[in-house]
Amino acid sequence: MENSDVEKNVKPMEDAAPLPTNLRRTVRLALLFSLNVYIVAHIILWYGFDIQPWGKTAMTGVPALVRGNINIAAVMVFLILVSVFFFGRAFCGWGCHLRGIIEFADWTMRKLQMQGYMKLRRRNILINTRYAWLIRGGAFTILLMPVLVYLTNNPFSIAVDLGSPPPWTDMPGDRGQLFASHAPINMALTYTLGEIAFLIALSLVIIATATFVFTYFYGQAAFCRILCPYAFLLALFMNLNPFQRKITRTGDCTGCRKCATNCPQGIDVSREIHHYNGKVRNRECVKCFTCVDVCDAKILKDTWKPAAPQIAPRREYERKPWHNEFHHVQSIEPIDPVLDFISMLLALFSGVLASRFGGFWFFVGFIVGFMLIRLLLRYGIHWVKSRPLVPSSK
């Protein structure tokens, strides 16, 4: 994807600041890493040693709750929703295993100095769409659709089974088949070493698409900012509690703007704390504390207490508009709003088609479709604009 047009629309004050190494950041990254270690260990113990203390712990607990299946994933989702009421979307920054892989992808590509990615990363250019929340809502609805269809044909009932579903559910190779039972093509498996290696490779394709690939082309945390269907659910519980802990101004803002130009979620932090009584109210905040760590004046803190008054007036935030009408510092690709909306619908349809191979293939279908459709649209628009309206006479 060509990023030159997008880069023209975003002019941060300076390159993204290097993040300091501190105890909080170290603990957060270690926790995210540990979650992925736990998932691998859970799978190995379940299938390799027949040790099955509980089933899959994942956001698949959302459809389980809707259906009335009280499993360990449903319990986890319930606790996450309660935590959002008090701490905001801290789970997304501290407890989501996919976020850990996304941050590992960012670290890897920076270490390798992958130039396509570094063009975005050096300036923290975050590419998004006008319809991110519609995309998330659409994805959330699509993932719930099988459960909703089930409930229309069956009475709602509550069943408790903490051992279901197995940890490999919805992944390639689940239930002895290469793909889901309703896939257009399929293959029975005997789980030889070769087949297991192939299944792991397919699973890595799904994970890498959502993390490395999407991040490479759309900037930090692209999956979290654009697609994550569960952000749609968690955001509903944001800002309901007046005592919810939020990133808060505890002293005079100096206007350095590092908090805004380094936020991996694209939040215009400096203007948030100016316009919203010193609090970051944005539903994208995942409490990664990047803004706190890079603040020159060290005046940001996560707290429920009221913000300190701004003594020195910051008239530039009154005088100048937000970065864009969406109140964030992300860049919207230069695509007509109607075409932008059409690309969203086509990408969701691509995800639905791919989901016939299994639930998690939805993300691969959406991401690949989303990027290809928008790439074709951008090149098509460029081609049309470059064509003369009147053919030149020879």
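A residue is called buried if its relative accessible area is under 20%, exposed if it is over 50%, and partly exposed in between, with a 1.4 Å probe and protein chains only. By that rule W304 is partly exposed, at a relative accessible area of 42%.

Good morning. The structure shown above is a predicted model, in which local features need pLDDT of at least 70 and side-chain atom pairs count only at pLDDT 80 or more, while totals for chains, interfaces and linings use all residues. Residues are numbered from 1 along each chain as its sequence is written, and side-chain values use heavy atoms, with hydrogens and water left out.

Let me start with the aromatic rings. A pair of rings is described by the distance of the centres and the angle of the planes. Rings of Phe, Tyr and Trp (its six-membered ring) pair if their centres lie within 6.5 Å; planes under 30 degrees apart count as stacked, over 60 as edge-to-face and the rest as tilted. The structure holds 22 such aromatic pairs. One of them joins F243 and W304, with 6.0 Å from centre to centre and 70° between the planes, and is edge-to-face. Where do F243 and W304 lie? F243 is in the loop between α11 (229-235) and β4 (246-249), and W304 is in the loop between β5 (300-303) and α15 (315-319), so the pair ties together parts that are 61 residues apart in sequence. Helices here (H or I, at least four residues) and strands (E, at least two) are DSSP runs, numbered from the N terminus. F243 is exposed, with a relative accessible area of 52%.

Consider next F362 and F363. Their ring centres are 5.5 Å apart and their planes stand at 75°, so this pair is edge-to-face. Both F362 and F363 are buried. These two residues also belong to a cluster linked by ring pairs, together with F214, Y218, F223, F360, F366 and F370.

A charge sits over a ring if NZ of Lys or CZ of Arg is within 6 Å of the ring centre and within 35 degrees of the ring normal. The charged end of R67 is placed in this way over Y150, 3.7 Å from the ring centre. R136 likewise lies over the face of W133, at 4.1 Å from the ring centre.

I turn to the nonpolar cores. In soluble globular proteins, nonpolar side chains tend to be buried together. A nonpolar core is a set of buried Ala, Val, Leu, Ile, Met, Phe, Trp, Tyr and Cys residues joined through side-chain atoms within 4.5 Å. The largest core has 45 residues, of which F214, F223 and L227 touch the most other members. Helix α17 (residues 361-386) gives the most to this core, with six residues. Which residues does F214 contact, leaving aside its neighbours within four places in sequence? Counting heavy atoms within 4.5 Å as a contact, the partners of F214 include F223, L227, I367 and M371. A second, separate core has 16 residues, among them C253, C263, C291 and V292.

Cysteines bring us to disulfides. A disulfide is a covalent bond between the sulfur atoms of two cysteines. The criterion used here is a pair of cysteine sulfur atoms within 2.5 Å, and a search of the whole structure finds zero disulfides. C92 is in no disulfide, and the nearest cysteine sulfur, that of C228, is 6.2 Å away. C92 is buried, with a relative accessible area of 11%. For C259, the closest cysteine sulfur is in C256 at 6.0 Å, too far for a bond. C259 is buried as well, at 7% relative accessibility.

My last topic is salt bridges. A salt bridge is a side-chain nitrogen of Lys or Arg within 4 Å of a carboxyl oxygen of Asp or Glu. The search finds 18 of them in the whole structure. In one, the side chains of D106 and R121 meet at 2.7 Å, N to O. D106 lies in helix α6 (residues 97-111) and R121 in helix α7 (residues 115-121), so the pair ties together parts that are 15 residues apart in sequence. Both D106 and R121 are buried.

Finally, R130, E333, D340, R374 and R378 are linked in a network of salt bridges. Thank you.
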